[in-house]
Amino acid sequence: MKWLRGGGIAGFIIRRLLLGLVVLLLVSIIVFVSTQALGDPARAILGRDATPDRLAALQKQLNLDSSKVGQYFHWLGGLLSGDLGTSLASSQPVSEVLGDRIANSAVLVVLAAVVSVPLSIAIGSYAALRREKIFDTVSSNLMLVLAALPEFVVAVLLVILLSTNVFHWLPSISPVPPGTHAWDYPDELVMPVATLVIAVAPYVSRIMRASMIEVLESDYVEMARLKGLPERTVLIRHALPNAIGPVFQVIAINLAYLAGGVVVIESVFNYPGIGLALVDAVNAHDIPVVQALAMLIAAVYVVLNLLADVATILVTPRLRTRL
Amino acid sequence: MSATESAPALAEGVETPTPPVRSSALLARSLRLWRTRIGAILTLILVLVALVGPLVAPHGSAEFIAKPFTSAAASNTVFGTDYLGYDVLSRFLYGGRSILVIAVISTAIGVVLGVVIGLVAAYARNALDDILMRAMDVIMAFPQIMLALVAVSLVGAKNWVIVVAIALTTAPRVARVARGAAQPVVERDFIGATEAMGMSRVRILFGELLPNILGPMMVEATLRLTYSIAVISALAFLGLAANPDAPNWGTMIQKNQGALAYQPAGALLPILAIALLTMGTGLIGDGIARTAAGIDRERGDE
Amino acid sequence: MTESGEQRWRVIERAEGPSDGLWTPSRRGMVMGASGVAMAATLAACGGGSAPAPSGGESTDAAGAPKKGGNFRLGVTGGGSKDMMDGQNIVTKPDQARLVTAFETLLEFDDEYQLQTTGLAESVEADNPKQYTIRIRDGITFQDGKPLTADDVIYSLQRIGTQKNGLTGYAATATMDIKNIKKVDDRTVRLPLLSADSTIPQTLASYTFGIVPVGYEAFSVTKDPSKQIGTGAYKLKSFTPGQESVHERYDGYWRDAWFDTVTITDFTDATAQINALKGGQIDAMTDLPANQVEAVKSSGVEALISQTGGWIPICMAIDMPPFDDPKVRQAMRLIIDRKQILEQLGSGYGQIAKDLYAPFDEGYYDDLPEREQDIDQAKSLLKSAGKEGLAVDLHTTNGAAGMVELASVFASQAKAAGVKITVKNDPNYYGDSYLKLAFSVDFWGTRGYLNQVQQGSLPTSPYNETHWPPKSGTGSDFGDLYKQALAETDTNKRIEIQHQMQKYEYDIGGYIIPYFNSLIDGHSSKVKGLKPSKGTLNLAGFGHGFRTIWFA
């Protein structure tokens, strides 16, 4: 689309932002419509105890009546003004219910990113440099094995190894009592973060390796070498920036995946994050909480991709010129 | 998001070779690599276990043997009994079929759908491209496991729900890669030539474009299959399999993991099976990627 | 005290030591006529609280003398964001644990599931079949220091009996004349009934009949921990639904309590619970899976196994095809292999049942023969009913441990009789289709027989899964028999009526009850004072409101 082009990097970022907002708007409609299918929250909350009298009492209490379209715009308006509504299950403001949990999950994801991203970029790059040598073979195959293990398997194995059966070094669960912060319990964070790192690192390092190999074989690296630049300069100034571009996309996708996919890990470690909150809210048909979480996770995805795109453009010289 | 404009797509690391390699030739050539061979053998063994297992199982899948988690010796079986007192080995032999069938079907649907959308988008190069890729972005904004989880909780843990949820979340990811791989091909002269010859669009898409991106697509398909197996077993692990007590590797891990410390086979066998299976498909994908990228060309081994 | 009075309440014998034959109804236990519960003279001294556990929870064995201190951390599964705190209401299992920290009942069940006057009332007497008098113990204060009075008891009963409050116990107040409860003096309440009901004392001992102060409201309304004021041993300090609640000892408590604080933490999964218990992150857990009992023993974890009267029935709606034919119901009851199911689901922890409930009730019909699997007879019954090769859907959900497994196992057993059962595991089962299904699985806890009938086996019952009793023919007088039993003052006669009711249910009822399950909980070896209880709640009524357990 011609009208979408031009304006340099600033224009690019603005266009991306606008497109991100459009995506989020569409997401909001899908989220709203599909969560209506969750059914009567009053019944879900009471479960077996949904006797007519208790049901009637709760339905009245929850005010489950008004037009759907009106509800959507009311909800959207609330979202934009930061009012996420009230949890049907706990009758507390959604922001209050989720606040701590978002912070907890964020700690997990950020820590996992801080550890896994440099680690996997280093492993991937080094493997590419030493292609077909011992380090490459060992790391590639190890990454393949790790990538093949579903994360709940990794989590369960870590617990057995480090907490319950072989060694007794680390606590097996990470409950983070309300009112405290996840980082107050560093020992409880080790295993959840390690599991996430093991889940993410193989993919990032594999892509990094492939991308680096491609760049190393490219003409401009060849050119730089021919010009007589020192190998170190060739690698750091020319190869790495170009190779890392595609990797940002993978990192973004993996981090976005973590934001929603921590469910399993939070369940194994009883860690009070958004994954557990989502499972719980879906089971309780707690529509406002499900909606808020779905929007949050979608927004994280959109923002991470935006950042990845911008970062890719900024670090990759040959792309910057095309803008 | 990256797919519009000229930001790099995920697949940019995997350049397609020229001239186009036929898929059979690509497979055959990739099989010269040891990693592809190992992957193929692993995958074959596990598929065999899944398909033939029920025929050779020593006991029925719901035949009570002894108290739950009885040892092999005490129950006179190979691996002891599981959480319901059934024979672990027999449950294992029965348990691969459903997970494999669901994974293959859902991945196949997702890949086909994704390739079609990606090719159409790449070839269209206009508003249709933008619309399609925006739609893909909307779906991709929901992580796979989360969408599957919500769908299963909404409709119930039925097999078709799991298939639809996985296919739906697989398609946009494949579409992105397909589009990214097809874009440079579209720019090439021979596509312009075929257009000039008046070839139909369908033939251009599937006769000319598709063969040129088969390499990355095969890699993507194996990667997606790996993910699908992981998601299905994770759902089972969260207790969301269609029938939570039917023999199923994912369910076996969930239900038997409590006994990992003293009757490990019930959980370890399916863990190993799933790990080896995903490793196998991963190795095949890796081998094809290397062959297609021209790495290790004509070397035959590593 | 009443022992010198009309002696309408018979003296309650306390069962000594670990009971033999666990669940065999104890005939020497208190016999309850319409005239209600009596109290032992010895119980009058209970108020002082020198003994650790007046209500049967005491253990004077090797546990050593109880001592104060410590934070008791309990891990409970089954909770979520819908967790609540209300002295008279629960929706999840952690809610049960929370309720008993702060709220107490007028009467209490001991560990043998016998009524005791160890609670807030020093007596509950039937003045006549349609009127009870409740006498409150002296010197009891709420956690804010306010003395417990008749007004609080009246407020509490009226709060439960008001339909729009939607409280758990509402259905059980059907026979109470809620509006006309009268205060006689500060410590005496007169409870009139609409119709004779000999189960009133049992109702008053149900844990959801907690006594709350006048003006009390649930946590979800006040959102203020300091407003959760009961007479119990622990006062709510903080509460985050779905995560955790912290409770501090109330120093003015009228009995002894040992822990400084109690922390109740939600768990999503038993494996995480077991790991946390093994690793010392919690001190006790609810619902240790039966097949893990042997395994955890090696790691310093002790299992508390209580044979309860809890049951997981397969329910056949007697007015819906194919179960509207008694022959089909009979066939289903012959298809099931109870011994094998007890092994598979309970690892042998439990007692085989014969499709009757309330095993601790003195009127339990022991003499009816056990039911053995008999595939041939089942087949011929199905044949004569014209239902050979029957195919039917069995609905279940993850409502309580074992519900899904029971359906799966029964389905595989039914194949032998040529019956094809398809298990439908539906997460929205209780919300959408409960009580409307022909064939379903449900769960129940320990109850007396008549209380249970009132809950699940009458046309007016809130949870009548089997649509019992029949509208005509044999068994149609079940409801009349129930009313007779409620009003019957002579124990033997009442038992006779109950036997007739159970005979109907045994012959043509809609329940398949394979076994009575055990409650199995895990605790670290430093937790003392726990012993098995026949009651409904885990960990022996959560250590009787966390007051009869302590750290060694």
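Select chains A and B together: their contact takes 55 residues from chain A and 44 residues from chain B, where two residues are in contact if their C-beta atoms, placed from the backbone, lie within 7 Å. This is a predicted model, in which local features need pLDDT of at least 70 and side-chain atom pairs count only at pLDDT 80 or more, while totals for chains, interfaces and linings use all residues. Residues are numbered from 1 along each chain as its sequence is written, and chains are lettered from A and ligands numbered from 1 in the order in which they are written.

Next, colour the side of chain A that touches chain B. The elements giving two or more residues to this side include α1 (8-36), α8 (186-216) and α13 (287-315) of chain A; helices (H or I, at least four residues) and strands (E, at least two) are DSSP runs, numbered from the N terminus. The largest share, 10 residues, comes from α13(A).

Residues 24 or more positions apart account for 72% of the contacts in chain A with a separation of 6 or more.

Finally, move to chain C and select helix α2 (residues 150-161). Among the buried residues of α2(C) are C:Ala150, C:Val153, C:Leu157 and C:Ile160. The buried residues of this helix pack against β5 (131-136), β6 (182-185) and β7 (188-192) of chain C.

Note on methods. A residue is buried if 20 or more other C-beta atoms lie within 10 Å of its own, exposed if 12 or fewer, and partly exposed in between; C-beta atoms are placed from the backbone.
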